[in-house]
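Good morning, colleagues. Please keep the structure on the screen in view while I take you through its strands, its ligand site and one further pocket.

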Amino acid sequence: MEQLANQITALKEEIAAWNGGDAEAFRIKYLGTKGIVKNIMGEMKNVAPENKKAAGQLLNEFKIFTEAKHESLLQVAEEQSTAAASSIDFTLPGDNIPLGSRHPISLVKNKIISIFQRLGFAVAEGPEIEDDFHNFSALNLPENHPARDMQDTFYISQNPDWLLRTHTSSVQVREMEKGKLPIRIICPGRVYRNETISARAHCFFHQVEGLYIAENVSFADLKQTLYFFVQEMFGSTVKIRFRPSYFPFTEPSAEMDISCLICGGSGCNVCKHTGWVEILGCGMVHPNVLENCGIDSNKYTGFAFGMGIERITMLKYQIKDLRLFSENDVRFLKQFTSAV
Ligand code: DAH
């Protein structure tokens, strides 16, 4: 009996010291059908009857001890394998994430904004879903006015008074309504028109409009402001000219052309052999518009202008088809890195 007890003590020490990770080798050696536990159990038959109870307890306890060790070896093995599966090798080279570039419309829009900001213009924004008053009526375009035909748009069926704005002049109205004068703002944003999509027209495009209202603002201020803009945008050799035009919200109204960037004025396909390309509409704010927005037209005068960003971008980069801007073709889009 004493011998058995000593044998078990020695085996327990051996087992406790086992730190080879191999749980299966341990199982075969100690718990297998020909293993040590089974073997030592066989010793029971040699134990004297009066010691059998104590020996049985001893052997049973030894068996439990050995099984517990096996369990812990299995657990360690499992922890190691999950850690290996989820481990990240930080020495591997990283995935290449291609760098995007700004959309040419955004580049040119930002450039336009920065030019006017240097002249003291603040950026104003407004909703793309407008009501009739802000988009048309306040701008001297009452219902049934023939000039509305040129700006047919999309109406919202829930409310016949709602529409997708046709120009950002609606933001000018919202700004004038606030009644804080003087006003010196530019209004960049997306606008909509019911147009058949072609190389030169789209059902949505982008505009920057400008508005300056104070005392004694004159057409000369308008000309000088736009002249500065053109020189900053297209370079100092570009010439400008104003042609009389008509807009319901300005009087007098004009369209402004720049000398053709392609042929320098001698005549080519882009300028239809005139040497000039139109880039914007402008004029002195009509007194009716000022009054519609609660501004005293005897005290204040102002000028306004509006341009399509697509048009400026097409001229700047010599892009021939407007549809390229909204096709999301990365081969086209990644060619533009700066507006300068
Ligand atoms: N709103 C006009 C359009 O979209 C452009 C325009 C012309 C705006 C003259 C103005 C302006 O502010 O004074 O066709």
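This is a predicted model: local features need pLDDT of at least 70, side-chain atom pairs count only at pLDDT 80 or more; totals for chains, interfaces and linings use all residues.

Strands β6 (residues 240-247) and β7 (residues 250-259) pair in the antiparallel sense over 7 bridges. Strands here are DSSP runs of E with at least two residues, helices are runs of H or I with at least four residues, and both are numbered from the N terminus; two strands pair if DSSP finds at least two bridges between them. Within this pair, Ser-253 of β7 is the bridge partner of Ser-245.

Residues are numbered from 1 along each chain as its sequence is written, and side-chain values use heavy atoms, with hydrogens and water left out.

On its other pairing, β7 joins β8 in the antiparallel sense over 8 bridges, where Ile-258 has Val-277 of β8 as its bridge partner. These strands belong to an open sheet of 7 strands with mixed pairing, in the order β1-β4-β5-β9-β8-β7-β6. Its edge strands, each pairing on one side only, are β1 (122-123) and β6.

I turn now to the ligand. It is surrounded by 16 residues, the closest being His-167, Arg-193, Gln-207, Glu-209 and Ala-304; a residue counts as near if one of its heavy atoms lies within 4 Å. A side-chain N or O atom of Arg-193 is 2.7 Å from a ligand oxygen, a polar side-chain atom of His-167 lies 3.0 Å from a ligand nitrogen, and a polar backbone atom of Ala-304 is 3.1 Å from a ligand oxygen. The protein covers 92% of the 350 Å² of accessible area that the ligand has on its own, by the Shrake-Rupley method with a 1.4 Å probe. Elements giving two or more residues to this shell are α7 (169-177), β5 (204-214), β8 (276-285) and β9 (301-308).

Finally, the second largest pocket has a volume of about 170 Å³. A pocket is an open set of points on a 1 Å grid over the protein atoms alone, where a 1.4 Å probe fits, with protein on both sides within 12 Å along at least five of seven lines; lining residues have an atom within 4 Å of a point. The volume is the space filled by probe spheres set on the points. Among the lining residues are His-103, Arg-190, His-206 and Glu-310.

How values were computed. A polar contact is a pair of N or O atoms within 3.5 Å; within protein, one must be able to donate a hydrogen and the other to accept it, and residues adjacent in sequence count only if both atoms are side-chain atoms.
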